[in-house]
Every structure is written in structure tokens, then in C-alpha cells.
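The stops below are given in the order to select them.

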Amino acid sequence: MSAVWSPLLPLAMVGTDRHASALPAWPGDVGQLVAQVGSSGDSAASGALRVAAVLATCALAGAQGGEWTTPLPAGASHDSLLELPEGPIRAAVSWALQDGPLRLQHAVFTTLAQGGYRLPLNLLAQALDLGRRTVLFRPLLLSVLGERGLWLASHRDEWRYAAGVSAEEPDDARWNEGSFEQRRAFLQRERAADPQAARERLAQGLDELSAKERADLVAVLAEGLGPDDEPLLDKLLADRSREVRQAACVQLLRLPEAAHTQRAIGRLAPLLASERVLLRQQWKIDAPPAATPDWKADNLDPARPKYESLGERAWWLHQLVRQVPLAWWTQHTGLSAAELLRWAAGTDWTEALLRGWRDVLLAAPDTAWCEAFLDPWPATVLRDDPASVLALLPPALRERHWQRQLVDGSVAFHVMVPQMLHACRAGETLSLPLSVTLVDVICQRAESGVLSDDHALRSVLLELCATLHADVLDRMARLPRHADETASFADTLHAVTHVIGVRQALFQLTTKLTPERMIPETP
């Protein structure tokens, strides 16, 4: 206990009601201030609390840090990015980073990056913490941190993900010395310009990467994927990391003539047979009777996981199905995607087939298969949400599906909205017609008082406001209010107006940008 606090200790231990003595005295200016605030309260207890507040403030003001014994680090390089203008836009960005939903924060970083702006210095630490918690933000952050942000990241362990080379350094330095995010961005640009050079660069650097980094960078090969990539992907099938092996399998699915894909077809085709019944061709499928020794080399696991709902043979069939392209099924059977799903529902292996096809669909999207799965979604077999498949569709087809559900009422509104948000990638906005329909429903619920009790919908309202079309935001900001609404609901509506205000400030900033200052969004 310091000399500052020691005189107050007896009073704090026994309480003012049991302590007969007056408040202790301290010397100097602090003592005069303590005497003044201690006697100004309406009770001894409040006077003691005022004294404690003064002492705490004085202790902080007089605190001295430890002696700095190491050489000071070199300063940050000169910043070429524009400083964000003073005024409402800074306040809007500050609120968004502190209290805004993830989609709004993504919009902030995207807009600043497009305008060539950097974050204000007082927001750098907060932005770096956001990137630490949310990997999605990291590529965008590198575009708006500026040199001071990169400098800060290099001096704190939890921000090391952003500790890259200066933006002024040549591109090769970003690969050789940059952060992982900078290396990935460089590899993506090189892959788009020169697929062979990017593939060779990745192959040479694999040994120095962690398993997660290897798996992440293998996904870059999806740009311009071709037969020349097969040898590297085959090599990765033997990687020590299951995550990397799976990433290689995902890419090989998109190469129907690859040896790995042909081996998978060779294993599956004998299990599928057809016969003529009443002048109609009918297909039958059976599961593998046993696993063979060569399975493991192709990333097939004979041992069924303990948590797996499928039986052993169904588990084997599921693994074979998920390695065969969807196009093979339609070509081999002559059935459409919708017909194949109906056929699978009548077999003994429905779950194995549908789960396998869904896994292939997520790896290699196909519009016909997406719509077949969604019309209707086989919820009794696939117990997860259809949003992951909806996300694969072009926005127009995706929204047509939602508009149909809004009309027929087949899905509850508070279930549909989170599904929409899950299916829309960060940075996407809903069309004006769908946005108008959604706001109509929300306004009706607000008018009737239902919205205040719909906690499921309220929980996603801010994210929805960050996704709606810009032309409906004014109406959304004027939702009907009620005199008896709860404090928590009032806070939600207040936050809604903040989200809308930030979006409008970002729009104003965007309109000031000339074509010369617009830059592409960071990959």
C-alpha cells in the first residue's frame, strides 16, 4: 500500500459509520483538494468516496513508467496514402469500428481503400485489433493502415499478421519479406498475369509455409486452373496436413481428366448399374463392400469417425461420391440434377449421396445443381442451412428464390433474413426490389409492435441495414415508434440510425472520388 492510500485504509476497512475519526489529512496541494471534496458531501460515506476518486486520479497523474533501456526503433516511412478528411466522415468511421456490425466495418475499409485513404492515427490500434479477431478484414486492412499502421503492427505480437513491408517496396519484396496477407495478394496478382510463374513460386515456397498457409495458398490456383497444375496438386495429396490434402482434392475436382479424378470415377462407376423395367431405364447404386489398401493414397479414410451419423459402408460411399465431378453423374446417367436428387431419395443411400453431392457442389459450383438442391431443400437429410448453397448462385437467381419464399410464406421471416445475410458475401448489397419488400415487412412489424418482441430479427437488423439497397435507407431510418417500447429496443433503433448514417457518409465520400483516384478492391 503506497503512502498516498495508507491514511485512508482504516476508514475503508471499518466503514464511515464505525470510524469516529475525521478524514485523514494529506500535505500540499493534494491535501487541500482532498479537504475540500471530503467535506462537501452530504454524508461521511460520500465524502470518503470523493477523496478516493481524487487520490486515484492523482496517483495516475504521478505514475512514472519504467526506464527504456533499448535503442528507439526507426520511425515509420513517409505515407503516400491520403489522410481521411476531418469532419463527419471521421466520426462515422470511428463509430463503425467501435460499435458497427461486421458488414459495415467491411464497407468502411473497402471505401477507404478505393479512395486511396488511410485510417486516422487514433483508429489504427482499434483496426489492428479488428483484423486480429476477423481474418476477413486483413487483406483490406493492408490497404488502409498506411506506413504508420504497418510500423505499429511490427511492434506488437498480436498484430504481427499485418507487419509487412512498406507499400513503397517492389512486388518481389512482398513475397520474400512481406506478411502472409501481402504474399497471398502478390501471388493472386501473379497468378492472374502469369499462371505458370505463380505455380512455380508456390511450389518453391511450400516448405517454409505452415499447414494453414499452404492450404490457403493452394486455393489461389483456382484462378486459371488447368492440366499443368495437376502435378503440383498430386504432390499435395501426400502432404502431412489433412487440410492441405483436402484443398488439393477440391482443386482436382475441377480437372475432370486428372488422374486422381479418373481413379475416383473408376471406384464409383462399378457401384452404379442400370436395368430396363417396363421399357424404362432405372438406376441402382450400392455402397462399397470393403475398403481397399489404395484408398489412403487418394485421401479416402476407411475408418468411420465416431461422431459420423452414416454407417460404415455409407461412409465409404459418401467419400467416393465427394471425389467425383457432378457433370459425370448427368453425363453417365442421362438424368438432370433435379432427376438425380429425386432418384437418390428413393435409394438406400440417400444421405451418403446427397451429402457427397453437396460437398462437390460447394467445391465446384454448378447453377443447375444449386437450384435442384434448393427446390426444395432436403432438410430432413441435410440438416444444415441452405445459405451455403444459395451463396453459390448469381444474385438474381438467389433473390428470385427469396422472393418466392416471401410470397408463399414457406420460410419464417426471422429465419429468412439471417439466411440472406449468410448467403450474401461481404460487400454485396441486395437489389432495390427485394430491399423494398424487406423494408415493407419490417415497417409493418414495427407498426404493429411485433418487431420489438422479435428478438431473432432484431439481432440481425444492423447487419441487414448494412446490406440493403441505398435507396431504402431513409425509410428504414424512420421506422414507426411506440411510447411503451423497451430501452433495449430503443437502443437497437438508435444503432440502426447510426449504421444508416455511416453508410450515407461513405456514399458522400465516394461521390467525391475522381476516376483517377478510384482503385480496385484488394483481392
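This is a predicted model: local features need pLDDT of at least 70, side-chain atom pairs count only at pLDDT 80 or more; totals for chains, interfaces and linings use all residues.

Residues are numbered from 1 along each chain as its sequence is written, and side-chain values use heavy atoms, with hydrogens and water left out.

Select T347, in the loop between α18 (337-345) and α19 (350-363); helices are DSSP runs of H or I with at least four residues, strands are E runs of at least two, and both are numbered from the N terminus. T347 is buried at 17% relative accessible area (buried is under 20%, exposed over 50%, partly exposed in between, with a 1.4 Å probe and protein chains only). A polar atom of the T347 side chain lies 2.8 Å from the backbone oxygen of A344, and the side chain also reaches the backbone nitrogen of W349 at 3.2 Å.

Next, show the salt bridges (a side-chain nitrogen of Lys or Arg within 4 Å of a carboxyl oxygen of Asp or Glu); the structure holds 31.

Select D298 and R267, whose closest N and O atoms are 3.0 Å apart. D298 is in the loop between β4 (280-285) and α16 (312-321) and R267 in helix α15 (residues 259-268), so the pair ties together parts 31 residues apart in sequence.

Finish with E308 and R355, which meet in a salt bridge at 2.7 Å, N to O. E308 lies in the loop between β4 and α16 and R355 in helix α19, so this pair ties together parts 47 residues apart in sequence.

Note on methods
A polar contact is a pair of N or O atoms within 3.5 Å; within protein, one must be able to donate a hydrogen and the other to accept it, and residues adjacent in sequence count only if both atoms are side-chain atoms.
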